[in-house]
Amino acid sequence: MATMAITADQVKKLRDATGAGMMECKGALTEASGDMDAALTLLRKRGLATAAKKAGRATSEGLIGHYIHTGGKIGVLVEVNCESDFVARTDKFQELTKEIAMHIAAASPAYVRREEVPPAIVEREKEIYREQVKDKPAQVVDKIVDGKLNSFYQQFCLMEQASVRDPNVTIAQMVQDAIRILGENITISRFVRMKVGEQNA
């Protein structure tokens with residue numbers, strides 16, 4: 001079977017979309033037989049592995065992102081951190097911060113990540129779910145409860161929410177894509193979302 005020839009235009013298009021190197025793009029396209037989406041997925045998987053290595057590095061720089069919804073009824077402040085002031089000033093980092101603030105305005109998360117959910121709330125949710133499935137066989141109850149708890153995290157934890165702009169990508173994946181492109185660890189520290197007439201707990 002003949003190997004499909006990969007054109008320079010294909011490589012350039014994939015590089016523009018991912019920020020990956022020319023040889024990485026060509027290799028991914030060759031492996032994916034010229035399928036752009038499949039090549040993008042391959043690079044993303046490899047990029048996520050690279051991003052994971054950067055996790056844990058100190059993030060003491062960054063920006064306070066903000067977004068005021070049309071009409072001034074909803075406002076968001078979010079602290080997004082990186083390793084250097086240089087990266088914090090890049091267009092990519094500023095775009096990421098803005099997009100996260102806009103997402104928070106639309107999706108109204110309660111926590112940044114699942115580890116921040118108070119244990120009492122987790123136990124309350126588990127009790128509710130157990131009550132809902134109390135008539136199910138005992139061996140499947142825990143699996144059902146775990147599944148419902150994961151759905152709770154996906155609804156209320158920012159990092160696990162699907163992006164309002166692209167439902168196929170979570171906020172965590174969006175951050176990891178930025179880590180891969182910018183080459184620094186990036187974390188979301190905290191946020192506050194205010195809505196006129198709504199009291200924070």
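Mentor: Contact here means heavy atoms that lie within 4.5 Å of each other, and the model we are discussing is a predicted one.

Trainee: Of the contacts in the protein with a separation of 6 or more, what percentage is accounted for by residues 24 or more positions apart?

Mentor: The elements run α-α-α-β-β-α-α-α-α-α-β from the N terminus on, and the protein has eight helices and three strands. Among contacts with a separation of 6 or more, the share that belongs to residues 24 or more positions apart is 59%.

Trainee: How are helices H5 and H8 oriented to each other, roughly parallel or roughly antiparallel?

Mentor: Helix H5, residues 91-107, packs against helix H8, residues 171-182, with the axes 11 Å apart and at an angle of about 175°. An angle over 145 degrees counts as roughly antiparallel. The two helices, H5 and H8, are therefore roughly antiparallel.

Trainee: Which residues of H8 meet H5?

Mentor: By class, the contact of H5 with H8 is made up of nine nonpolar, one polar and two charged residues. On the H5 side stand Lys92, Phe93, Leu96, Glu99, Ile100 and His103, and they meet, in H8, Ile171, Met174, Val175, Ala178, Ile181 and Leu182.

Trainee: Which residues touch the most other members of the largest nonpolar core?

Mentor: In soluble globular proteins, nonpolar side chains tend to be buried together. Here the largest nonpolar core holds 26 residues, and the elements that give two or more residues to this core are strand S2 (74-82), helix H4 (85-88), H5 and H8. Leaving aside neighbours within four places in sequence, Ile188 has contacts that include Val78, Val80, Ile100, Val112, Leu158 and Val175. The core members that touch the most others are Phe93, Ile100, Val175, Ile186 and Ile188.

Trainee: How are H6 and H7 oriented to each other, roughly antiparallel or oblique?

Mentor: Helix H6 (residues 119-132) and helix H7 (residues 138-156) have axes 9 Å apart and pack at an angle of about 130°, while H6 passes H7 in a right-handed crossing. Since roughly antiparallel requires an angle over 145 degrees and roughly perpendicular one of 65 to 115, H6 and H7 are therefore oblique.

Trainee: How many charged residues does the contact of H6 with H7 have?

Mentor: From H6 the contact draws on Ile121, Val122, Glu125, Lys126, Tyr129, Arg130 and Gln132, and from H7 on Val141, Val145, Lys148, Leu149, Phe152 and Tyr153. Sorted by class, these comprise eight nonpolar residues and one polar residue, with the number of charged residues being four.

Conventions. Residues numbered from 1 in each chain as written. Predicted model: local features only at pLDDT ≥ 70, side-chain atom pairs only at ≥ 80, totals over all residues. Heavy atoms only, no water. Axes fitted to C-alpha atoms, helices over the stretch in contact; angles between N-to-C directions. Helix = DSSP H or I, 4+ residues; strand = E, 2+ residues; numbered from the N terminus. Parallel < 35°, antiparallel > 145°, perpendicular 65-115°, else oblique. Nonpolar A, V, L, I, M, F, W, Y, C, P; charged D, E, K, R; others polar. Core = buried A, V, L, I, M, F, W, Y, C linked by side-chain atoms within 4.5 Å. Buried < 20%, exposed > 50% of the residue type's maximum accessible area, 1.4 Å probe, protein only. Left-handed = near helix turned anticlockwise from the far one by under 90°.
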